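Work through the following exercises with the sequence and the model open side by side. Each task is followed by a solution that goes step by step.

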Number of protein chains: 2
Amino acid sequence: MANSTPAITDDERDAPGAPRPRDAIATRQLLLDAARRRFALDGYGSTTVRDIAADAGVNVALINRYFDSKEGLFEACLSHVAKEFDRPSAMTLEQVVESVVENVASSVADEQPYQLLLLLRSSGDQRADQIRLDTIRSFAERIAAGVGGSSSDSADEELLLRAQLAVAMALGIALLRVTGGGIPPLSAVPADVLAVPLRGAFSALLTRRG
Amino acid sequence: MANSTPAITDDERDAPGAPRPRDAIATRQLLLDAARRRFALDGYGSTTVRDIAADAGVNVALINRYFDSKEGLFEACLSHVAKEFDRPSAMTLEQVVESVVENVASSVADEQPYQLLLLLRSSGDQRADQIRLDTIRSFAERIAAGVGGSSSDSADEELLLRAQLAVAMALGIALLRVTGGGIPPLSAVPADVLAVPLRGAFSALLTRRG
DNA sequence: CCACCGAGTCAGCAACTGTTTACATCCCCG
DNA sequence: CGGGGATGTAAACAGTTGCTGACTCGGTGG
């Protein structure tokens, strides 16, 4: 399997011969961080457990110790993202734009866009996919609930559709910004510049007109 | 590797014991179709050459015969898509909407959305990724050229950014409609219904205002 | 001091992957 | 009729994959 994402330089571990400090929680977190990054960038199938372990600077077997399987690790990453996006609260239009801009337009060096990207990655596992789809669904519903008091059911459904289109747009932008490295200006434009057309598009999508 | 996409039922091959007709061009096409579908749905890394060959009802070794490698097959798929999207002609706003609606909102049974999805799949190969990014770039430029006579350079760049956002939206929708199977109404809404909010969003994105 | 247990290491397995090689079969041209 | 290229098939290869079991190491409580 091709190693498309280059291995990260190990910033931890002061001395090369020094034994890894025996801290299970920290190790688990290292694995989660590395896995989220790999899964988001390369997808589930193209990511190997050895890649993840190497990035985390951790022995491969620990993945199975802490997460049972590669699937389990993926599901753990997804659950973390779900917890982030699956809040029950509704959002106003402004909050939606702000949230998406923050999540999508933040620097690629930040780990924020990876969270969004994970929602587009599928492992083929049914349970993991359920989490993934539920999170997307709930995100759209939260947007729809925030921007519109609905009158009829059909209007309600159209608003939900529009909210889903907004989510699709957010995901598409995140994907293109992160994996479409060489597409300026989109790939490099700062958050505040990106926010302007984004606000316009979301406004057009989510505010009723005619 | 998990076989997430179920194998297609072989609709060709009338008799079970009948030998495959010796038609190189047809076989090549069968492989291309099956590969495009698999790559688009599951991604490059999660797709095995045996999956593709089984879908096409063809021997695995023929992939290497006709396309040298799995990479070569992927590149061939991508080139086919590029030829489709990389026309030099500019597009009016209406044409853009119509084109995107057609490509994105057509039935999933149709093979159109797979073409768009392929633009989001990366194999890690440099040359293939070049084709992929060039196609996306050129698509955005075509949109920008169609909707706007530009005055200044900075305005030109902002318009290009807006066109890229439109492309990101189109890709995001295609991705959610195809791989997010269980997300109604987006996953099942007919093209004409989808076209309405899409027109609004694209109009807001691509027509100058302030 | 030492038995114990959680944390980390190591080597290796069985299955799978992309690819190649050798072989069968068809069909056209001489 | 018979080479000979084109097409398809089958088996196998070497490398990689996810995963496992037995092991060492280090701290802690009795």
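**Exercise 1. Determine how α1(B) and α4(B) are oriented to each other, and which residues make their contact.**

Step 1. The axes of helix α1 (residues 24-42) of chain B and of α4(B) come within 9 Å and cross at roughly 90°, where axes are lines fitted to C-alpha atoms, for helices over the stretch in contact, and angles run from 0 to 180 degrees between N-to-C directions. Helices are DSSP runs (H or I, at least four residues) and strands likewise (E, at least two), numbered from the N terminus.

Step 2. Angles under 35 degrees count as roughly parallel, over 145 as roughly antiparallel, 65 to 115 as roughly perpendicular and the rest as oblique; α1(B) and α4(B) are therefore roughly perpendicular to each other.

Step 3. On the side of α1(B) the contact is made by B:Leu31, B:Leu32, B:Ala35, B:Arg36 and B:Phe39, and on the side of α4(B) by B:Leu73, B:Phe74, B:Ala76, B:Cys77 and B:His80, with two residues being in contact if their C-beta atoms, placed from the backbone, lie within 7 Å.

Step 4. Sorted by class, this contact of α1(B) with α4(B) has eight nonpolar, one polar and one charged residues; Ala, Val, Leu, Ile, Met, Phe, Trp, Tyr, Cys and Pro count as nonpolar, Asp, Glu, Lys and Arg as charged, and the others, Gly among them, as polar.

A note on the model: it is predicted, local features need pLDDT of at least 70, side-chain atom pairs count only at pLDDT 80 or more, and totals for chains, interfaces and linings use all residues. Residues are numbered from 1 along each chain as its sequence is written, while chains are lettered from A and ligands numbered from 1 in the order in which they are written.

**Exercise 2. Describe the side of chain B that touches chain A.**

Step 1. In the contact between the chains, 40 residues of chain B meet 40 residues of chain A.

Step 2. The elements of chain B that give two or more residues to this side are α7 (126-147), α8 (153-179) and α9 (191-206), and α8(B) gives the most, with 14 residues.

Step 3. By class, this side of chain B holds 23 nonpolar, 13 polar and four charged residues.

**Exercise 3. Work out how α9(A) and α9(B) pack.**

Step 1. Helix α9 (residues 191-206) of chain A and α9(B) pack at an angle of about 155°, with their axes 8 Å apart; the two helices are therefore roughly antiparallel to each other.

Step 2. The residues that meet are A:Pro197, A:Gly200, A:Ala201, A:Ser203, A:Ala204 and A:Leu205 in α9(A), and B:Pro197, B:Gly200, B:Ala201, B:Ser203, B:Ala204 and B:Leu205 in α9(B).

Step 3. The residues of this contact divide into eight nonpolar, four polar and no charged.

**Exercise 4. Find the residues with the most contacts inside the largest nonpolar core, and trace the surroundings of A:Leu171.**

Step 1. The largest nonpolar core has 119 residues, such a core being a set of buried Ala, Val, Leu, Ile, Met, Phe, Trp, Tyr and Cys residues joined through C-beta atoms within 7 Å. A residue is buried if 20 or more other C-beta atoms lie within 10 Å of its own, exposed if 12 or fewer, and partly exposed in between.

Step 2. Those with the most contacts inside the core are A:Ala166, A:Ala170, A:Leu171, B:Ala166, B:Ala170 and B:Leu171.

Step 3. Leaving aside its neighbours within four places in sequence, A:Leu171 is in contact with A:Leu116, A:Leu119 and A:Leu120, and also with B:Gly172, B:Leu175 and B:Leu176 of chain B.
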